[in-house]
Amino acid sequence: MANNRATYNQKVIDEWAKQVARRSRGLGRVHLVLVIAVVLLLALIFMFTRPELVVVFFFLAAALVVTQVLDRFTLLCPNCKRSPISWFPRGTAEDADFCVHCFYWLKSPYANGKQAKV
Ligand SMILES: [Zn+2]
């Protein structure tokens, strides 16, 4: 029970929201284009079975992995400046609700991003 603590700081939550918005405009678009290209290419490989397509597929898949790794090093917790996810996360850093290192909330735990009155 000693680790069940989380710190609420509106500045950290606001800064995280800015980082995620910046990421969505930049790397997020590249990531989306790569995902669509990989899926389309996979369909083409099944239809035409050409070895050139397989090579292109592996390059695009590698680029997709690189964007995931870049996410890990660019989306950092505003409080402790470390990646807010563990080494084997279930989702991306963008999906994190709190930082696993300093236990600061990255998204408001309350409805609509407003602090609840106690
Ligand atoms: Zn942190």
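Select helix 2 (residues 27–48) and helix 3 (residues 51–74): helix 2 passes helix 3 in a left-handed crossing. A crossing is called left-handed if the near helix is turned anticlockwise from the far one by less than a right angle, and right-handed if clockwise. Helices here are DSSP runs of H or I with at least four residues, strands are runs of E with at least two, and both are numbered from the N terminus.

This is a predicted model, in which local features need pLDDT of at least 70, side-chain atom pairs count only at pLDDT 80 or more, and totals for chains, interfaces and linings use all residues. Residues are numbered from 1 along each chain as its sequence is written.

Keep the pair selected. Two packed helices are described by the angle between their axes and the distance between the axes. For helix 2 and helix 3, the angle is about 155° and the axes are 9 Å apart. Axes are lines fitted to C-alpha atoms, for helices over the stretch in contact, and angles run from 0 to 180 degrees between N-to-C directions. The two helices are therefore roughly antiparallel; angles under 35 degrees count as roughly parallel, over 145 as roughly antiparallel, 65 to 115 as roughly perpendicular and the rest as oblique.

Next, display the side chains of this contact, including Leu34, Leu41 and Phe48 of helix 2 and Phe57, Leu60 and Leu64 of helix 3. Residues are in contact if their C-beta atoms, placed from the backbone, lie within 7 Å. The contact holds 20 nonpolar residues, two polar and one charged. Nonpolar covers Ala, Val, Leu, Ile, Met, Phe, Trp, Tyr, Cys and Pro; charged covers Asp, Glu, Lys and Arg; the others, Gly among them, are polar.

Arg23, Ser24 and Arg25 of helix 1 meet Leu27, Gly28 and Arg29 of helix 2. This contact has one nonpolar, two polar and three charged residues.

Finally, move to the segment after helix 3, where Lys81 is found. Most residues other than glycine have a negative phi. Lys81, however, has a positive phi near 60°. Lys81 is exposed, with 10 other C-beta atoms within 10 Å. Phe103 lies in the segment after helix 3 and has a positive phi of about 60°. Phe103 is partly exposed, with 14 such atoms within 10 Å. A residue is buried with 20 or more other C-beta atoms, placed from the backbone, within 10 Å of its own, exposed with 12 or fewer, and partly exposed in between.

Technical notes:
Contact = placed C-beta atoms within 7 Å.
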